[in-house]
Structures are given as structure tokens and as C-alpha cells.
Amino acid sequence: MTHRILPLEKGHNFRELGGYQTKDGRTLKWHKVLRSASLAHLTPHDLAYLTDYGVRYDVDFRSPEETAKSPDKVPANAIYESLPVFKIDETASTASEADLFKTFSADPKSGHEHMIQVYVDLINQDHSKQAYRQFFDLLLANDKEDQSLLFHCTAGKDRTGMGAVFLLSALSVPEETIRTDYLLTNQASAAFVTQSLAKLQQKTQNQSVFQSYQSLLTVHQDYLDTAKQAIESENGSLQDYLSHDLQLSQHDLADLRKIYLA
């Protein structure tokens, strides 16, 4: 686990996808693909670390609103690619405290329900599908040795989490492993979440807001199950979604396995 979660000073939820086993016994290469939260607050040490790590592509899934508010600090030698999964910030990561209090003060389940809708939209919106298709184009371009692709959103858990689900599925990683990686966000972001909730508690004692905010900051089995159900209701399986909605050909899948598997 210490190898999977990167030791950055001002970046949280930065994680390696290397080392995961596929159904046919192959292994994802290390130093080829990373997932993370925002790059907006990285220190010079962090940027040097990612440069030394070989980061060549910085793929940003955030909305234009989010990127304008907190631009990426891009590692040297990396190409920045903006691929907004949503046209606007549906995850509430840029919401003001006043907006949070107004939206989530009445019902402690409202944050959870909000995230459920985010995952339905993420699967069904044409704009989201286009962004993930372009993500795979960049993954396919990341074919040189000794270079990595990093993909992220603001918290590195929902848009990024589903990006990882799609990639790991395309590489034939078992569903149980994919779910474990998805839920690892709660461990990798634990300190950040605790700090964020402590700040909120100083400003409100409303438990509906507190519980909803916790739902916004973390991942839950329900969120991934919602995405899976949305996929299955339209396509039958995740593999069908990859081939039909994200338009990955058998040739694309074979190339991905050549690039990312040992």
C-alpha cells in the first residue's frame, strides 16, 4: 500500500495503478498510469517527484469552472489535457459554504442522493462519454517506455474513480480488485476528509449538512453500484459499454494491454 499511495506534501489521493493482476495472470506495469485529486496545490518537491516519476500526460477531468478556480500545477515535461467530464461542476466541489448549507441542511441523506445522481449522469451523458473516449485516446498515446499518464479531478474519487473503473475493466482486471481500488479513496483521502469535516464543524452544528458533506467527500459502494446498474440497464455489461458507448475496438483493447500489462 505504501507503494500505491504516493508520498506527496500537498497532494492527496495520488495513487499508482501498477501491480494489479488481470484475470489471465498478467500485471499492470508500474510507473505507467496514476490517478489523483487536484494538482492545484502541489509544492516544488511534489512537482519534482512527479517529473522524476515520468509523468508525461496530465489529464484533467474537472469542469471549466473548477480549472479556472484552481489551475493545475503541471509537472515539467508533462502535456496538459483538459477533458471535462461534466460541462458544469456537478460534484459540488466548488460550492460555497452558503450553497452547501442551503442545499443540504434539510435532509442528512441529500448528499448521498446527490452523488447517486452524479453517477447516473456520468454514465449517461454524451458529454461524459466523449471525455472518457478522449481519455482512452491519450492512454493509447502513452506508449513510450519510462513515461506515465496521470488523470485526475478535484477529489480524485468520482470522475477519476470511474476513469479507473473503465481502464481496469478494459485491461481485464477482476471486478473485486476494481471495487477495492475504487474504495481505497476513503483510506487515501482520510486525513483530508477529517480536516475538511473538522473545519465544517466549527461553522455549523447542523448534522444534515455534516452528514451530506461527508457523502460528498467520500466514496460509497452505492455510488459504484449505481454506475454499474446504469450501464447494465442500457448496455448489458461494462464490456459492452466500453465497446459501444466509448467506442473501443478490439484493436484498441489489444493495444492497451500491450502498453499497460507485463
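## Sheet and crossover

Strand β3 (residues 55-60) and strand β4 (residues 79-82) run parallel and are joined by four bridges. Strands are DSSP runs of E with at least two residues, helices are runs of H or I with at least four residues, and both are numbered from the N terminus. Two strands count as paired if DSSP finds at least two bridges between them. The model is predicted: local features need pLDDT of at least 70, side-chain atom pairs count only at pLDDT 80 or more, and totals for chains, interfaces and linings use all residues. Residues are numbered from 1 along each chain as its sequence is written, and side-chain values use heavy atoms, with hydrogens and water left out.

Together with helix α2 (residues 64-69), the two strands make a right-handed β-α-β unit. Right-handed here means that, with the strands pointing away from the viewer, the path from the first strand over the helix to the second runs clockwise. β3 also runs parallel to β5, with five bridges joining them, and D58 stands opposite L150 in β5. The open sheet has five strands in the order β1-β2-β5-β3-β4, with mixed pairing. Its edge strands are β1 and β4, each of which pairs on one side only.

Helix α4 (residues 110-124) has 15 residues, which at 1.5 Å a residue should span 21 Å; the end C-alpha atoms are 21 Å apart, so the two values agree. The expected span is 1.5 Å times one less than the number of residues. Buried residues of α4 include H112, M115, Y119 and D121. Buried means under 20% relative accessible area, exposed means over 50%, and partly exposed lies in between (1.4 Å probe, protein chains only).

α6 has 12 residues and reaches 17 Å from its first C-alpha to its last, close to the 16 Å expected. This helix is mostly covered, with 12 of its 12 residues buried. Among them are R159, M162, F166 and S169. S172 follows α6 and has a positive phi, near 65°.

## A buried lysine

K157 is found in the loop between β5 (148-152) and α6. Its relative accessible area is 2%, so K157 is buried. Leaving aside neighbours within four places in sequence, the residues in contact with K157 include N13, R35, M115, Y119, Y182 and T185. The list also holds S215, L216, L217, T218 and V219. Contact means heavy atoms within 4.5 Å.

## Aromatic pairs

A search of the whole structure finds 10 aromatic pairs. In one of them, the rings of Y49 and Y53 have their centres 5.8 Å apart and their planes at 25°, so the pair is stacked. Rings of Phe, Tyr and Trp (its six-membered ring) pair if their centres lie within 6.5 Å; planes under 30 degrees apart count as stacked, over 60 as edge-to-face and the rest as tilted. Y49 and Y53 are four residues apart in helix α1 (residues 44-53), so they are separated by about one helical turn. Y49 is partly exposed at 26% relative accessible area, whereas Y53 is buried at 10%.

F166 and Y241 form a stacked pair, 5.5 Å centre to centre with 25° between the planes. This pair links distant parts of the chain: F166 is in helix α6 (residues 159-170) and Y241 in helix α12 (residues 238-244), 75 residues apart. Both F166 and Y241 are buried. Ring pairs link F166 and Y241 into a cluster with F61, Y132, F135, F136 and F151.

## Charges over rings

R4 lies over the face of Y20, at 3.9 Å from the ring centre. The charged end of K32 sits over the ring of Y260, 5.8 Å from the centre of that ring. A charge sits over a ring if NZ of Lys or CZ of Arg is within 6 Å of the ring centre and within 35 degrees of the ring normal.

## Positive phi in loops

Most residues other than glycine have a negative phi. H31 is not a glycine, yet has a positive phi of about 65°. H31 lies in the loop between β1 (15-16) and β2 (33-36), and counts as partly exposed at 37% relative accessibility.

Q247, also not a glycine, has a positive phi of about 55°. Q247 lies in the loop between α12 and α13 (250-260). At 56% relative accessibility, Q247 counts as exposed.
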